[in-house]
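User: Could you take a close look at how the chains in this model sit against one another, and then go down to a helix and a residue inside the chains?

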4 protein chains.
Amino acid sequence: MDIVEFTPTRDQYAYTFGGVAPVMRIQPGTALRLWSEDAFNDTLKSTSDLASDKVDLRYVNPQTGPFYVEGAEPGDCLVLHMVDMTPARSYGVSSAIPFFGGLTSTDRTAMLQDALPDTTWVYEIDSATNTVGFATRFADADMQIALPIEPMLGTVGVAPPGGEVRSSLVPERFGGNMDTPEMKPGSTCYLGVNVEGALFSLGDGHYRQGEGESCGTAVEGAMTTTVIVELIKGAAPAWPRLEHDDALIVIGSSRPMEDAWRIGNVEMIRWLQELYGLHQMDAYQLLSQTSKAPIANVVDANYSTAIKVHKELLPAADAYSGIHQSLRALAQSL
Amino acid sequence: MDIVEFTPTRDQYAYTFGGVAPVMRIQPGTALRLWSEDAFNDTLKSTSDLASDKVDLRYVNPQTGPFYVEGAEPGDCLVLHMVDMTPARSYGVSSAIPFFGGLTSTDRTAMLQDALPDTTWVYEIDSATNTVGFATRFADADMQIALPIEPMLGTVGVAPPGGEVRSSLVPERFGGNMDTPEMKPGSTCYLGVNVEGALFSLGDGHYRQGEGESCGTAVEGAMTTTVIVELIKGAAPAWPRLEHDDALIVIGSSRPMEDAWRIGNVEMIRWLQELYGLHQMDAYQLLSQTSKAPIANVVDANYSTAIKVHKELLPAADAYSGIHQSLRALAQSL
Amino acid sequence: MDIVEFTPTRDQYAYTFGGVAPVMRIQPGTALRLWSEDAFNDTLKSTSDLASDKVDLRYVNPQTGPFYVEGAEPGDCLVLHMVDMTPARSYGVSSAIPFFGGLTSTDRTAMLQDALPDTTWVYEIDSATNTVGFATRFADADMQIALPIEPMLGTVGVAPPGGEVRSSLVPERFGGNMDTPEMKPGSTCYLGVNVEGALFSLGDGHYRQGEGESCGTAVEGAMTTTVIVELIKGAAPAWPRLEHDDALIVIGSSRPMEDAWRIGNVEMIRWLQELYGLHQMDAYQLLSQTSKAPIANVVDANYSTAIKVHKELLPAADAYSGIHQSLRALAQSL
Amino acid sequence: MDIVEFTPTRDQYAYTFGGVAPVMRIQPGTALRLWSEDAFNDTLKSTSDLASDKVDLRYVNPQTGPFYVEGAEPGDCLVLHMVDMTPARSYGVSSAIPFFGGLTSTDRTAMLQDALPDTTWVYEIDSATNTVGFATRFADADMQIALPIEPMLGTVGVAPPGGEVRSSLVPERFGGNMDTPEMKPGSTCYLGVNVEGALFSLGDGHYRQGEGESCGTAVEGAMTTTVIVELIKGAAPAWPRLEHDDALIVIGSSRPMEDAWRIGNVEMIRWLQELYGLHQMDAYQLLSQTSKAPIANVVDANYSTAIKVHKELLPAADAYSGIHQSLRALAQSL
């Protein structure tokens, strides 16, 4: 199986889902190796680079793509199997952007208080230990610790329905900036197709991230992602689904956060009904006793929550005819 | 070390935090073995027992306690080390109580739609495999699966401040009905004391529960809990903290759910500052890249979220002078 | 008709709904003239008195009461007709209490930013014009304007159900700190009785207040309130209702604010169904085209919203057998 | 002054803000008389026409426009003075669209309950009394009442920033589907310009609407709107502002609803600071004692709340150099 490599030029970056011409047309079954720029457009390179000087929130999360998938039509299910994610730079960066993040007032949770101090942290990669280094920025304490690299993509999505075009800061029904650590190597992502060609893109690589992405940014970094693209006709999920070797996952996104959680639960109940023929009430009960609910982000235009059921708790079932296992096997051959 | 055993009579059940005379006075350092009734007051024994007939939501989660801890004063930290939780009945029960739960309108998220069908599920314990049995109640599918018993307490709390008395359905600053799977054997719980004697109680045993407690009830069952009680003078946390062998945890409770998450984050930042002397911004950053955020409940009077940091990611530190480890060791001797 | 006068001594102030012995027992049909202290317990008398020095948020909104109403039983409807509210001091006070209010982070909408400047404004009453005087506190501009006195009570409530005791900062199903400008002279308030004797109290006089009470406090002042107390057996509303000469009103209280609004809508639909025998869907439609929805507070433990329908839009109907009109007439004779 | 008339053909309807080519280019100072189709695209003409059969929520609120305003650049302030709104059909229609509205679960406040009954109400206009007729649809009661026509536009907006394209169901920073009764004849609306030409459109006429638009739809109807378009260079407000003869108004839109309210408050504080040079804290205090806060909608993609201050409470000031008064005068001459 061949791999198509693609590194966008700066003028090819997309900052929206929808509204952008495809950078490439591909057939279902294609493997891509994609380079993506970091969320800050490579403007923060040292602790003296500050977001308030260099980051324009209308143009963050530059996307690699969109890709036009031949044959994809509204109502189909786009399948993106994440084969590998490898940091493409020797350091990652995080920033407490003024009036952005979970523990500060924002333009929407609008208050009158002053901003928190604009601060940048640089995390050098130690390849030998596969870690990134956290170092304090304030003199109160001198702590330097190594944290394991756990690569993930903040942003994976398709063009929205109804002619909408949404910023790459937005997580929604079409995927987008979900900022969930569940989007990691080995994941298969299922997205409903809304427009001809699906027009998917990805970006916003994180070398690691806590659940909730409290300060608004992860350890952000350029990433090389290998992904296999497939298409299932006529099987669009209502909200993004993910599959791991050991778990089924749905990502719900809305505000307030309980609505993100509700969306994820209702979609997972639907999935359990599809897999096992359960009555809605039995699926509700089964989910109630088995779900994990790790928060994804509480900082973006919508908040996102994962609803996750470990397969070992459920009877055996092949979601989407076992395509996740097939792609896992195929990935080994790349 | 002796263990004081206590099983309340029915007229000793408490249904509030605060407002109830203590059932017993104990010294710090006491180990208790406590029997607690199930959340439904043992009214649901078979699938034909329905919540709408038998459950009065003003009187659920009967508490065992409260216990008056000698020497406890406002501003102190009550320490409850959960040595063991053992199901005290051969079956657990779950119910989709009409207009109660996460995926139905309620008296507060008030809507005009009809209730979901009032349904009861009974989970028989299989001691050989240490599992409870889920069985479908609707004819659409016949599924019977065994789920591992993972005992926890839904409700652990002290009397509230300011003279308030709160229902045992409420999770708050004083603990209460947090419904988090993190409250399990091996946990040490730290609660701020608000009144003389602390007046803690516990109950609402769950044989297992998913994160969020989607349908509003777990696999509810009578429980025998062994707990060692300690007291640290003058060290009250603002919100409930938990310690596991491998993690530090805070439980925030409020509505909307993002506020529960924010509370947990801010309290964890405070804890990290206490342990490592960090500036608030450095603690914010460190938390952002290391926290787990498993939702606890989205069904109670407040919603609850856990914020959790695994110790392996942090420099060694002895929270509360290492009392968790000491109590773990002591528990081995019981 | 006689009027019973009552001015509490300082040690008679109540700071909770429930949990307090009655100061007096009265018969239905009694008129009371009640003096109430201001929300700050008279601690802020000049602009140099700051809330951070002098206000303890656990002990604000001192209540005058509770009053035990003979014959009142759970399920009954307590009727409080507000005959008159007269400022009982020559000035009112407002304060931007640190970390309290609608445009600042709080202990629940927890963030890391510094507090806003602790500031006190004093509003002198001009009796000739029936106004209070706003004067700027910061040098940026010198503005002094007279605002009409529009007296109202922030807090009117009964003891909660289920043995709960709630702070006088809390608005809920039992009334309490609703902080709505609709609670004004000429209003009749209908509250469901939860305990024998109802145990109602009132306080938190406002010389005027904007909708939402943005900064967390109104023009707070001691108040003399004349109220006629009546009782309707067996007619408890689920949430507080108000009647004006020209309108029917419900006050819903919860978080997030959309739930306060939903509660008010559902209760108003119930009221319209009671008055006119409408199907729920027709009442929903009628309400949709006729309701006003002035926000009450976005700063208290729950947020409150009024749902209001002007009588002139509806067919004639006598709510509660016309008791509002009867009490209005009776009030003229006082 | 001439009036340019425009009635779109069906294939000219726009269903988004942004992403659509202008139907016309106009100079600032132009008066337009615009016909707009009803929110349902004229598909509901009788009570037997049901939304579930005939309404596609991706294509509602057909917009008349967009109009390219010569000289308008990002950062400018578009001024739309609403001279007149006249119903353009002999009846209006309202519908309880399944899973849409404030008192039902929706695709976002996702629950498992069945939908409310899909119901359509038709309101015939009585020109003699200037009323629309409400008539019950269910047999429980037979009520027919006349409600005053109070025409307003649900939807007035410009193209969003950052290349986004948003559905005409969305209220946001750019205006859009705010569904506020404050957008009525005599209002002047100020919107920040985000793209060259501003590209404003309007539609979604309501013959009347309650605050909150509880069931999700108003008395919807085709409308003829006369509007004068002006432009102020470099004076973009952050959120939509409105001016009436007697009041200043801001419309905030977000979820949860308290954030919509916060946005409106912060923007109004900014406006008061602009007009009077006040320190932020003094403007906060002044607003707290003077604002009205009538909810606009609790049913759209964002919820909207108006923050309103009556001019009679404030010192005289000419917002935007008194353009509202000038346009009111000019409107008389049309």
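Predicted model: local features only at pLDDT ≥ 70, side-chain atom pairs only at ≥ 80, totals over all residues.

Analyst: **Chain against chain**

Now for the contact itself. Chain A puts in 56 residues and chain B puts in 56 residues. On the side of chain A that touches chain B, the elements giving two or more residues are strand 7 (91-96), strand 8 (119-126), strand 10 (144-148), helix 2 (257-276), helix 3 (280-290) and strand 21 (291-292) of chain A. Helix 3 of chain A gives the most to that side, with 9 residues. By residue type, the side of chain A that touches chain B splits into 31 nonpolar, 16 polar and 9 charged.

Next, chain D against chain A. Here 25 residues of chain D are in contact with 25 residues of chain A. Strand 12 (166-167), helix 2 and helix 3 (280-290) of chain D are the elements that give two or more residues to the side of chain D that touches chain A. Helix 2 of chain D has the largest share of that side, at 4 residues. The residues on the side of chain D that touches chain A come out as 10 nonpolar, 8 polar and 7 charged.

Helix 2 of chain D also meets a helix of chain C. A pair of packed helices is described by the angle and the distance between their axes. For helix 2 (residues 257-276) of chain C and helix 2 (residues 257-276) of chain D, the axes come within 6 Å and cross at roughly 110 degrees. So helix 2 of chain C is roughly perpendicular to helix 2 of chain D. The residues that meet are C:Met257, C:Glu258 and C:Trp261 from helix 2 of chain C, and D:Met257, D:Glu258 and D:Trp261 from helix 2 of chain D. That makes 4 nonpolar, no polar and 2 charged residues in this helix contact.

Staying with chain C, let's go inside. Helix 4 (residues 323-332) of chain C has the buried residues C:His324, C:Leu327 and C:Ala331. Looking down the axis of helix 4 of chain C, these fall within an arc of 65 degrees, so they line one face of the helix. The general rule behind such a face is that an α-helix has 3.6 residues a turn, so residues three or four places apart point the same way. Those buried residues of helix 4 of chain C pack against strand 6 (77-87), strand 15 (188-192), strand 18 (223-232) and strand 19 (241-243) of chain C. On the face turned away from the buried side, helix 4 of chain C carries the exposed residues C:Ala329 and C:Gln332.

B:Ile228 is part of strand 18 (residues 223-232) of chain B. It counts as buried because it has 23 C-beta neighbours inside 10 Å, where the cut-off is 20 or more. Leaving out residues up to four places away in sequence, B:Ile228 touches B:Ala31, B:His81, B:Val83, B:Leu327, B:Leu330 and B:Ala331.

Note on methods:
Residues numbered from 1 in each chain as written. Chains lettered and ligands numbered in written order. Contact = placed C-beta atoms within 7 Å. Nonpolar A, V, L, I, M, F, W, Y, C, P; charged D, E, K, R; others polar. Buried ≥ 20, exposed ≤ 12 C-beta atoms within 10 Å, placed from the backbone. Arc of directions from axis to C-beta. Axes fitted to C-alpha atoms, helices over the stretch in contact; angles between N-to-C directions. Parallel < 35°, antiparallel > 145°, perpendicular 65-115°, else oblique.
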